[in-house]
Amino acid sequence: MAEPKTNAIERLARAMEAGRRDLAVMRVGGPVREITASAARVGGVSAFVRLGDRMGFTADGRTQIGEVVRIDGSGATVKPFESRIDVGIGARAHRIGPARLRPSPAWKGRVIDALGRPADGLGPLQEGAADVPLDADPPAAMTRARVRKPLPTGVRAMDLFTPLCAGQRIGIFAGSGVGKSTLLAMLAGAQGFDSVVVALVGERGREVREFLEGPIAAARERAVIVVSTGDESPMMRRQAPKVALAVAESFRDRGESVLLIVDSVTRYAHAARDVALAAGEPAVARGYPPSVFSDLPRLLERAGPGAEGAGTITGIFSVLVDGDDHNDPVADSIRGTLDGHVVLDRAIAEQGRYPAIDLLGSISRLAGEVWTGDQRELVRKLKSMMARFEETRDLRLMGGYRAGTDPELDQAITLVPRIYEAMRQEPGQAPSRDAFLELAQSLRG
Ligand SMILES: Nc1ncnc2c1ncn2[C@@H]1O[C@H](COP(=O)(O)OP(=O)(O)OP(=O)(O)O)[C@@H](O)[C@H]1O
Ligand SMILES: [Mg+2]
């Protein structure tokens with residue numbers, strides 16, 4: 001039955017009679033008072049909106065959506081999800097309410113954008129049963145299950161030297177163009193997950209195509225891919241990982257083992273910086289406002305094990321290290337939150353050894369749960385041999401070492417290049433099944 005037509009005053013009176021405090025029944029709104037390249041000011045709505053609420057701007061029959069990023073006595077600052085707000089002074093903006101998303105298992109196989117809309121041209125998305133928050137709190141530390149179930153990734157170098165467990169969170173740290181996305185794509189094809197959720201943040205359009213057609217292709221029917229390309233607004237790029245986490249959490253709560261991949265967290269941090277600056281926050285560390293450093297751990301903590309008996313989210317996050325400076329504040333903050341980091345090294349990539357993992361500089365804090373006693377001992381020996389090999393590299397190149405002087409070094413000189421060779425893996429190659437066995441075979445051969 002259609003609602004009888006009423007005016008705003010009548011609706012307000014009815015809502016007040018019913019004792020309803022949520023004034024959402026009203027179309028709360030206000031006039032646009034100021035427009036800049038990055039945001040609009042909406043007057044008079046201060047008391048009715050909350051940070052993070054959505055507001056809509058309607059002009060010429062089209063509605064643009066933005067998010068409230070600042071509220072003060074005279075109004076709210078709203079940042080649009082499109083690159084710019086296409087309305088004039090005096091246009092009305094109305095409150096839509098908190099961001100909502102209704103993920104469904106039917107989304108597997110689909111590509112969506114940062115607002116949860118289909119981005120693959122395959123028609124509308126079926127909605128799930130319940131709203132989930134985009135900014136959920138991570139599960140309380142004490143209720144979380146322990147992380148200890150080994151999880152082979154199929155990437156030989158990682159399964160040997162930085163093995164993962166279900167529910168672990170690990171970062172892939174590297175400068176630009178050293179192979180982060182390629183490694184993530186290989187990891188996305190890992191077996192043993194019920195679902196895969198990928199957020200591609202700030203990628204070039206071409207890279208999105210490449211990703212979809214890469215190693216993930218085999219896992220597409222269990223994958224949800226959230227895409228926000230580099231040409232989209234910072235609001236979209238900031239939102240894409242949140243949407244991916246909300247989708248991953250909804251699968252986790254169904255008891256699934258979820259693989260979450262975010263490429264890259266740095267681009268999320270850049271977008272969060274743009275938004276915080278537009279909201280008037282001061283910059284504190286290398287141009288980053290403080291909220292970026294509280295948002296990052298919050299986001300990363302949402303991945304991980306769920307409550308005892310529930311599903312898990314295993315998180316793999318790529319981190320761009322600006323100018324190969326591994327101590328920039330964003331990389332530092334991310335490294336501190338994660339349970340391990342894999343470092344890719346430009347010098348290794350330049351030798352054509354891909355994936356360009358720095359085997360000595362990468363650690364998985366949960367490797368101890370995966371390796372058997374023998375394996376741990378073997379990895380220790382291999383690492384000390386590699387360290388020996390690397391530290392004498394210059395000396396040997398200059399002809400300062402004569403074979404036969406140091407038997408241990410001689411052994412390293414024969415074996416380490418073979419280990420490196422065995423670690424090589426390209427995206428098109430079959431995933432590794434038993435990394436230790438394969439290494440043993442290539443050392444023997
Ligand atoms: N495993 C691999 N095997 C062969 N080549 C690789 C491998 N990984 C990376 N490469 C090469 O390195 C190039 C850059 O890789 P990729 O795009 O993954 O880097 P990136 O770190 O994600 O770069 P950006 O910082 O631009 O996002 C690829 O185009 C490819 O030529
Ligand atoms: Mg990349």
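1. A polar contact is a pair of N or O atoms within 3.5 Å; within protein, one must be able to donate a hydrogen and the other to accept it, and residues adjacent in sequence count only if both atoms are side-chain atoms. Thr-182 has a polar side-chain atom 2.5 Å from an oxygen atom of ligand 1. For Ser-181 the distance to an oxygen atom of ligand 1 is 2.7 Å. For Lys-180 it is 2.9 Å.

2. This is a predicted model: local features need pLDDT of at least 70, side-chain atom pairs count only at pLDDT 80 or more, and totals for chains, interfaces and linings use all residues. Residues are numbered from 1 along each chain as its sequence is written, chains are lettered from A and ligands numbered from 1 in the order in which they are written, and side-chain values use heavy atoms, with hydrogens and water left out.

3. Look next at the shell around ligand 1. There are 15 residues around ligand 1 (a heavy atom within 4 Å). Gly-177, Lys-180, Ser-181, Thr-182 and Gln-425 come nearest. Helix H3 (residues 180-188) gives the largest share, three residues. Helices here are DSSP runs (H or I, at least four residues), numbered from the N terminus.

4. Which domains supply the shell around ligand 1? At least three residues come from each of domain 2 (101-369) and domain 3 (374-444). These bounds come from an automatic or database domain assignment.

5. The lining of the largest cavity also draws at least three residues from each of domain 2 and domain 3. Among its lining residues are Ala-157, Arg-353, Tyr-420 and Arg-424. Lining residues have an atom within 4 Å of a cavity point, on a 1 Å grid over the protein atoms alone, where a 1.4 Å probe fits but cannot get out.

Note on methods
On a 1 Å grid over the protein atoms alone, a cavity is a set of points where a 1.4 Å probe fits but cannot get out, and a pocket is an open set with protein on both sides within 12 Å along at least five of seven lines; lining residues have an atom within 4 Å of a point. Helices (H or I, at least four residues) and strands (E, at least two) are DSSP runs, numbered from the N terminus.
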